[in-house]
Amino acid sequence: METREQLLASGRAAKDAGATILRAGAYKPRTSPYSFSGHGPSALTLLREVADELQMPFVTEVMDTADLDLVAEHADAVQVGARNMHNFALLRAVGGCGKPVVLKRGLSATIEELLLAAEYILGSGNEQVILCERGIRTFETATRNTLDLNAVPYIKRKSHLPVLVDPSHGTGVRDLVTPMALAAAACGADGIMVEVHENPPAALSDGAQSLYPDQFAEMVQALRPVAQAVGRSL
Ligand code: PEP
Ligand code: MN
């Protein structure tokens with residue numbers, strides 16, 4: 001969430017193309033402390049307004065238990081990001097927040113560790129947990145991360161929880177996002193989480209992996225026959 005105008009424009013374009021849930025960051029975990037780290041509470045208010053205007057539910061990340069009440073008050077669902085997958089205090093806290101939780105796989109977490117992290121949330125009384133494969137660190141440096149699509153059919157056999165795939169962080173490369181979204185749909189993902197920006201070169205975060213709105217629309221169209229081929233629909 002950069003500005004109200006930016007979010008509304010990108011969100012509207014994504015919705016018109018077929019997106020069903022809005023995701024934007026008010027609290028951003030950044031590798032460098034000098035990078036844009038989100039506008040915090042003011043962004044939550046604007047996110048709620050924009051989501052209502054677009055008539056879309058929204059999910060946003062919570063990084064600290066101290067912010068959880070405020071985030072859960074505004075958002076339709078909360079996200080625990082990759083860097084906090086092992087933050088057991090936060091996992092327990094979101095287990096009591098009353099909102100669905102998107103739990104992203106840690107940068108170096110095994111699938112087993114992801115499933116155990118989910119148990120912390122489930123065990124704290126929250127049954128609405130959605131897992132997200134977002135790529136892991138490997139020796140490969142050509143892409144930002146290595147998107148582990150093995151995780152999708154594996155988790156489907158081990159767990160009843162829905163699984164999203166995030167090919168944006170999974171690859172870090174705009175041109176690889178759509179091919180890997182299609183692969184994710186083919187292997188049984190329940191949803192795709194993709195970064196979209198009206199003007200990616202000017203984005204304050206992750207511009208290199210953000211799709212232009214027309215690319216997002218093309219991705220959605222390309223996904224339809226793939227989803228249908230595996231017995232799903234968009
Ligand atoms: C995000 O989804 O905004 C994000 C920071 O991703 P991750 O936690 O997977 O790095
Ligand atoms: Mn990002």
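Author: A strand, in the sense used here, is a DSSP run of E that covers at least two residues, and strands are numbered from the N terminus. The structure discussed below is a predicted model.

Reader: In which strand does Ile130 lie?

Author: Ile130 touches Val101, Val102, Leu103, Pro162 and Leu164, when residues up to four places away in sequence are not counted. With one of these, Leu164, which is 34 residues apart from Ile130 along the chain, the C-alpha separation is 7.2 Å. The strand that holds Ile130 spans residues 129–133 and is β5.

Reader: Does Ile130 count as buried, partly exposed or exposed?

Author: Buried would require a relative accessible area under 20%, and exposed would require one over 50%. Because the relative accessibility of Ile130 is 23%, this residue counts as partly exposed.

Reader: At what angle do the axes of helix α1 and helix α9 cross?

Author: Helix α1 covers residues 4–17 and helix α9 covers residues 213–229, and their axes come within 9 Å of each other. The crossing in which α1 passes α9 is right-handed. Ala13, Ala14 and Ala17 in α1 meet Pro213, Phe216, Ala217, Val220 and Arg224 in α9, and by class this contact has seven nonpolar residues, no polar ones and one charged. The angle at which the two axes cross is roughly 25 degrees.

Reader: Are α8 and α9 roughly parallel or roughly antiparallel to each other?

Author: Helix α8, residues 174–186, packs against α9 at an angle of about 25 degrees, with the axes 9 Å apart. An angle under 35 degrees counts as roughly parallel, whereas one over 145 would count as roughly antiparallel. The relation of α8 to α9 is therefore roughly parallel.

Reader: How do the residues of the contact of α8 with α9 divide, and how many are nonpolar, polar and charged?

Author: The crossing of α8 and α9 is right-handed. From α8 the contact uses Arg174, Asp175, Thr178, Ala181, Leu182, Ala185 and Ala186, and from α9 it uses Gln215, Met219, Ala222, Leu223 and Val226. By class, these residues divide into eight nonpolar, two polar and two charged.

Reader: How many disulfides does a search of the whole structure find?

Author: A disulfide needs two cysteine sulfur atoms within 2.5 Å. The sulfur of Cys132 has its closest cysteine sulfur in Cys187, 12 Å away, which is too far for a bond. Cys132 is buried, at 0% relative accessibility, while Cys187 is partly exposed, with a relative accessible area of 23%. Over the whole structure, the number of disulfides found is zero.

Reader: Where is Arg30 found?

Author: Arg30 touches Ser35, Phe36, Ser37, Leu204 and Ser205, leaving aside residues up to four places away in sequence. Its C-alpha atom is separated by 9.5 Å from that of Arg83, 53 residues apart along the chain. Arg30 is partly exposed, since its relative accessible area is 25%. The place where Arg30 is found is the loop between β1 (22–23) and α2 (41–54).

Reader: Does Gln55 count as buried or exposed?

Author: Gln55 is placed in the loop between α2 and β2 (58–61), and its phi is near 55 degrees, a positive value in a residue other than glycine. Because its relative accessibility is 67% and the cut-off for that class is over 50%, Gln55 counts as exposed.

Reader: Does Asp206 count as buried or exposed?

Author: Asp206 also has a phi near 55 degrees, again positive in a residue other than glycine, and its place is in the loop between β7 (191–192) and α9. Since its relative accessibility is 19% and the limit is under 20%, Asp206 counts as buried.

Definitions and conventions
Residues are numbered from 1 along each chain as its sequence is written. Chains are lettered from A and ligands numbered from 1 in the order in which they are written. This is a predicted model: local features need pLDDT of at least 70, side-chain atom pairs count only at pLDDT 80 or more; totals for chains, interfaces and linings use all residues. Side-chain values use heavy atoms; hydrogens and water are left out. Axes are lines fitted to C-alpha atoms, for helices over the stretch in contact, and angles run from 0 to 180 degrees between N-to-C directions. Helices (H or I, at least four residues) and strands (E, at least two) are DSSP runs, numbered from the N terminus. A crossing is left-handed if the near helix is turned anticlockwise from the far one by less than a right angle, and right-handed if clockwise. Contact means heavy atoms within 4.5 Å. Ala, Val, Leu, Ile, Met, Phe, Trp, Tyr, Cys and Pro count as nonpolar, Asp, Glu, Lys and Arg as charged, and the others, Gly among them, as polar. Buried means under 20% relative accessible area, exposed over 50%, partly exposed in between (1.4 Å probe, protein chains only). Angles under 35 degrees count as roughly parallel, over 145 as roughly antiparallel, 65 to 115 as roughly perpendicular and the rest as oblique.
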